[in-house]
Amino acid sequence: MSQPAITREEMALIIDLHIDGERQGPGSNTDTIRALDCCDLGDRTGLTVADMGCGTGASTRVLAKKLDAQIIAIDFARPFLLKLQSRVREQALQDRVFPVCADMAKPSLPLQSLDLIWAEGAIYNIGFSAGIRAWKPLLKPRGLIAISEIGWLTNNPPQSLRKYWEDAYPEITTVSGSLEKLKAAGYRVLEHFTLSSAAWLDHYYQPMMARSEQYLGRHAASPTAQAIMAQERKEMALYEKYHDHFSYQFYVAESTHPTR
């Protein structure tokens, strides 16, 4: 099932809400580094990495600092990429980071060209199953993916919570369900872990709420902006109440058999 279509107005307002945020979804540098450690790339040099749905580049910059790699930062939203370029220049990482405005479902990268595909809180835009299958041909033999995906931590979440997330993301499943999808798509899972609560609250929701007053002031005449902010507040309240039942899970996996 696909997600509900987003209008051009909604997308512009969503971008405006998030463009000044360090992150456009739950995550933290601590979780990014933990996932990178799980990749166990050691002292490998000359890597080629794609950061899919990079947003303004929080994870991109961590990767650029930690790896001897060319980081291809892919996002469909040009304003996010312009912000990423500014932040990359501030940290003198421009020789390692190469922004590309593209659809991450069809990034037009050479087959078997990537050592690592990274995607934090972004694969839901194209769907987990579709994403891991579409990206597999881009990986070199035994190439790695590191992806965070929302999922159930329990088998019987409260009905109101289940309805909210199944409406927002019909593909949502349990951690074991995502592990099965990775195996079926030809990956060997090396590690997986649940994102910290700080990744949700300290690094995503609370900074967004701190920006909300100015955001609503800029769009005081827009019912759509009001609705977007109300939805974000509802989602934050659901996380605070039910965080034991759902979260993002970070999966690190290795490509195994060739794509059929």
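Biologist: Which helix does Thr 60 lie in?

Modeller: Thr 60 lies in helix 3, which covers residues 58-66; helices (H or I, at least four residues) and strands (E, at least two) are DSSP runs, numbered from the N terminus. Please keep in mind that this is a predicted model, in which local features need pLDDT of at least 70 and side-chain atom pairs count only at pLDDT 80 or more, while totals for chains, interfaces and linings use all residues. Residues are numbered from 1 along each chain as its sequence is written, and side-chain values use heavy atoms, with hydrogens and water left out.

Biologist: And is Thr 60 buried or exposed?

Modeller: Thr 60 is buried, because its relative accessible area is 0%, where buried means under 20%, exposed over 50% and partly exposed in between (1.4 Å probe, protein chains only).

Biologist: What is Thr 60 in contact with, leaving aside its neighbours within four places in sequence?

Modeller: With those neighbours left aside, Thr 60 is in contact (heavy atoms within 4.5 Å) with Asp 51, Cys 54, Ile 71, Ala 73, Leu 84 and Val 97.

Biologist: Changing topic, where is Ser 108?

Modeller: Ser 108 is in the loop between strand 3 (97-101) and strand 4 (114-119), and Ser 108 is exposed, with a relative accessible area of 72%. Its phi is near 55°, a positive value in a residue other than glycine. Most residues other than glycine have a negative phi.

Biologist: What about Gln 112, what is its phi near?

Modeller: The phi of Gln 112 is near 50°, again a positive value in a residue other than glycine. Gln 112 lies in the loop between strand 3 and strand 4 and counts as exposed at 51% relative accessibility.

Biologist: Stepping back, how many helices and strands does the protein have?

Modeller: The protein has 9 helices and 7 strands. Its radius of gyration is 18 Å, close to the 18 Å that the globule rule gives for 260 residues, so the protein is as compact as a globular protein of that length; the radius is taken over C-alpha atoms, and the rule is 2.2 Å times the number of residues to the power 0.38.
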